[in-house]
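Keep the sequence and the 3D view open beside you, and look up each residue as you read.

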Amino acid sequence: MNTKERKQYETMLKIRQFGEQHAADFPVGTFAGDTFTALNQTIETLRQFALAEDTHRTGKRQGTTVKSVQRENLVEDLRAINRSARAMARRIPGVDEKFRVPLRGSDREFITTARRFAAEAESLQVEFLNYELPADFLADLREDITAFEKSLEDRTAARSGVVTATAAIDEGMSAGLGIIRDLDAVVRNRYRNDPTTLAAWVSATHVPRPVRVAKTKEAAA
């Protein structure tokens with residue numbers, strides 16, 4: 001939830017509390033009672049999707065960090081192979097052309113390059129070992145490719161989860177505000193001759209405006 005939605009949600013909680021305190025005046029089965037019930041259900045739905053949104057946002061942030069680490073691991077693998085291939089080119093002309101590390105490109109293109117490195121290095125494994133690459137350098141390369149791919153998939157799933165939860169929150173907020181409009185008419189009519197209770201309702205339905213930090217003259221300049 002953003003700041004505005006969070007304040008609206010908090011207002012819904014206050015309205016629910018008002019309904020609980022005056023439940024005798026709005027029994028279940030009446031329009032008012034059922035509308036308060038609908039508000040309770042909307043609040044629970046919003047709570048669940050807000051939790052999901054926070055969880056996915058956290059996963060997205062963590063996924064970005066993991067992705068960065070896994071990509072760097074893969075870059076190190078490719079640089080070691082590239083470094084060895086450039087030295088090897090003195091004895092095997094043109095071999096360095098097969099192992100160029102891309103300076104730009106998407107993550108998927110980078111993975112494609114890494115897979116090509118693995119395939120091309122298979123037949124030259126003995127040559128690479130002569131340059132003191134680890135005996136399992138190809139297995140390590142393939143493991144790092146898999147790990148990097150998984151980090152991309154996890155981050156994409158988290159991003160998708162955020163989008164889904166945010167859309168559900170928007171829908172839930174719209175439904176909740178519609179319910180509040182119904183309740184506002186009902187409660188104001190019910191307590192039109194009860195200024196004390198009506199004042200409590202006005203207080204419960206008040207949505208505080210987000211606090212804006214005043215800009216300093218320096219910042220404005």
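1. Let's start with Ser 84. Leaving aside residues up to four places away in sequence, Ser 84 touches Phe 128, Tyr 131 and Leu 133. Please keep in mind that this is a predicted model. Ser 84 sits in helix α2, which covers residues 31-88. Is Ser 84 buried or exposed? Its relative accessibility is 7%, and buried means under 20%, so Ser 84 counts as buried.

2. One of those partners, Phe 128, is worth a visit of its own. Again leaving out residues up to four places away in sequence, Phe 128 touches Ile 81, Ser 84, Ala 85, Met 88, Phe 99, Ala 121, Leu 133 and Phe 137.

3. Now step back to the nonpolar core. How many residues does the largest one have? It has 25 residues, and those with the most contacts inside it are Leu 74, Ile 81, Phe 99, Phe 128, Phe 137 and Leu 141. Helices α2, α3 (107-122) and α5 (137-190) each supply at least two residues of this core. The largest share, seven residues, comes from α2. There is also a second, separate core of 23 residues, which includes Leu 183, Val 186, Val 187 and Leu 198. As background, nonpolar side chains tend to be buried together in soluble globular proteins.

4. Next, compare two helix pairs. Two packed helices are described by the angle between their axes and the distance between the axes. For α2 and α3, the angle is about 35 degrees and the axes are 11 Å apart. The crossing of α2 past α3 is left-handed. On the α2 side, the residues that meet α3 are Lys 67, Arg 71, Leu 74, Val 75, Leu 78, Ile 81 and Asn 82, and on the α3 side they are Asp 107, Phe 110, Ala 114 and Phe 117. For α1 and α2, the angle is about 145 degrees, with axes 10 Å apart. Here, too, α1 passes α2 in a left-handed crossing. Residues making this contact include Tyr 9, Met 12 and Leu 13 of α1, and Phe 36, Leu 39 and Asn 40 of α2.

5. Charged side chains deserve a look as well. Side chains of opposite charge can pair when their charged atoms come close. How many salt bridges are counted in this model? The count comes to 14. One of the pairs is Glu 44 with Arg 47, whose closest N and O atoms are 2.7 Å apart. Both lie in α2, three residues apart, about one turn of the helix. Glu 44 is partly exposed at 32% relative accessibility, and Arg 47 is partly exposed with a relative accessible area of 40%. Another salt bridge joins Lys 150 and Asp 154, at 2.8 Å from N to O. These two residues are in α5, four residues apart, about one turn of the helix.

6. Finally, please check the backbone at Glu 132. Most residues other than glycine have a negative phi. Glu 132 has a positive phi of about 65 degrees, although it is not a glycine. Where does Glu 132 lie? It is in the loop between α4 (125-130) and α5. With 70% relative accessibility, Glu 132 counts as exposed.

Definitions and conventions. Residues are numbered from 1 along each chain as its sequence is written. This is a predicted model: local features need pLDDT of at least 70, side-chain atom pairs count only at pLDDT 80 or more; totals for chains, interfaces and linings use all residues. Side-chain values use heavy atoms; hydrogens and water are left out. Buried means under 20% relative accessible area, exposed over 50%, partly exposed in between (1.4 Å probe, protein chains only). Contact means heavy atoms within 4.5 Å. A nonpolar core is a set of buried Ala, Val, Leu, Ile, Met, Phe, Trp, Tyr and Cys residues joined through side-chain atoms within 4.5 Å. A salt bridge is a side-chain nitrogen of Lys or Arg within 4 Å of a carboxyl oxygen of Asp or Glu. Axes are lines fitted to C-alpha atoms, for helices over the stretch in contact, and angles run from 0 to 180 degrees between N-to-C directions. A crossing is left-handed if the near helix is turned anticlockwise from the far one by less than a right angle, and right-handed if clockwise.
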